[in-house]
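Please open the model in a viewer and keep the selection panel at hand.

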Amino acid sequence: MTKSRYFRPGDLIIYGALLLIFVMGTLIGAGELGQGGTAAVITQDGREIRRIDLEQVEEPYEFRVENADGQYNIIRVEPGRIRVTEASCPDKVDVKQGWISKANQSIVCLPNRLVIRIEAEGPGADDGIDGIAF
Amino acid sequence: MNTRRITWIGVLVSQALVLHTVERMLPIPQLAPGVKLGLANIITLVALNILPWSDAFLVMVLRSMLGALLGGGASGVLFSLAGGAFSFLAMSFLMRYRDVLFSIAAISVGGAFLHNVGQLLMASLIVETFNILVYFPILAASALVTGFFTGVISDLIINAIYHARLLPGAARRRGPQPN
């Protein structure tokens, strides 16, 4: 192999470590992520403020969540999925993220300290791996 | 602090802010929190190569704080600093073995990953219920791609700076290796 500016033997350690994280994480996470989650849990400042069973949703609806500083997020719920449609935060990362529908997916709005996370519920939900450690 | 140092720090910080702003204008879908091109990482790599450690650190702190204030307001500062500090420490350590053990592309990849890890750690401190481990695989994959890209660009810039003879004091640092 020619001696390249962009490759040195030690690079394999860095690339290998990241590939390992990717492959392991995907394999372990696939089992959990794969199952359609049903409960969307909305937390603000670390406190759970609302829990919605997405499989029980029949008509799409929207609601507004406001925190103590007057900052808001508008959340839209449809059968099986949930998203943030509007937010007062400057970066709008949560809005850009779009719909989530699978267990362990989450939408985070850091400026407003809001997290929407989907949990797997029902039979078998607790049989999976409950944590991944590297 | 002499004029040359002040100038280099000022130029690099302002370039980082421009890259930061341009990156936010690009319509790239948000795959997961923390996934991004990381163009401003180019400036940290350049600073580490052409400035003394302490000045490069100053560039990183200034660009993280100003970049966060320009982008998202005060709440982003801690977040941005955490990412900046993680990647800076990792890259300045790896940089000691540049061209011996690691190429600049791999150093950049390592820095890109740790930048994301730093940001997510800070996020999980702020929002207690946020499980950051779920995002590790996608962050690792995106760091491999974006880090390599920014690493190669940094190398081209560093070479250009050396070839333009902008650094009379460059003797204190090893020059780039010939091809």
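The model is predicted: local features need pLDDT of at least 70, side-chain atom pairs count only at pLDDT 80 or more, and totals for chains, interfaces and linings use all residues. Residues are numbered from 1 along each chain as its sequence is written, while chains are lettered from A and ligands numbered from 1 in the order in which they are written.

**The core.** Select L12(B), I43(B), V46(B), A47(B), V109(B) and F113(B), which touch the most other members of the largest nonpolar core, a set of 69 residues. Such a core consists of buried Ala, Val, Leu, Ile, Met, Phe, Trp, Tyr and Cys residues joined through C-beta atoms within 7 Å. Here, buried denotes 20 or more other C-beta atoms within 10 Å of the residue's own, exposed 12 or fewer, and partly exposed a count in between, with C-beta atoms placed from the backbone. Next, display helix 5 of chain B (residues 104–126), which gives the most to this core, with 12 residues; helices are DSSP runs of H or I with at least four residues, numbered from the N terminus. Centre on F113(B): leaving aside residues up to four places away in sequence, its contacts are L18(A), L139(B), A140(B), A143(B) and G147(B). Contact requires C-beta atoms, placed from the backbone, within 7 Å.

**The helix pair.** Select helix 2 (residues 41–50) and helix 4 (residues 75–94) of chain B, whose axes come within 11 Å and cross at roughly 40°. The axes are lines fitted to C-alpha atoms over the stretch in contact, and angles run from 0 to 180 degrees between N-to-C directions. Show N41(B), T44(B), L45(B) and L48(B) of helix 2, which meet S87(B), F88(B), M91(B) and S92(B) of helix 4.

**The chain contact.** Colour by chain: 34 residues of chain B are in contact with 32 residues of chain A. On the chain B side, helix 4, helix 5 and helix 6 (136–163) each give two or more residues, and helix 6 gives the most, with 8 residues.

**Two torsions.** Move to D99(B), in the loop between helix 4 and helix 5 of chain B. D99(B) has a positive phi of about 65° although it is not a glycine, and counts as partly exposed with 14 C-beta neighbours inside 10 Å. Finally, select R165(B), in the segment after helix 6 of chain B. R165(B), likewise not a glycine, has a positive phi of about 55° and is exposed, with 8 other C-beta atoms within 10 Å.

Definitions and conventions
Two residues are in contact if their C-beta atoms, placed from the backbone, lie within 7 Å.
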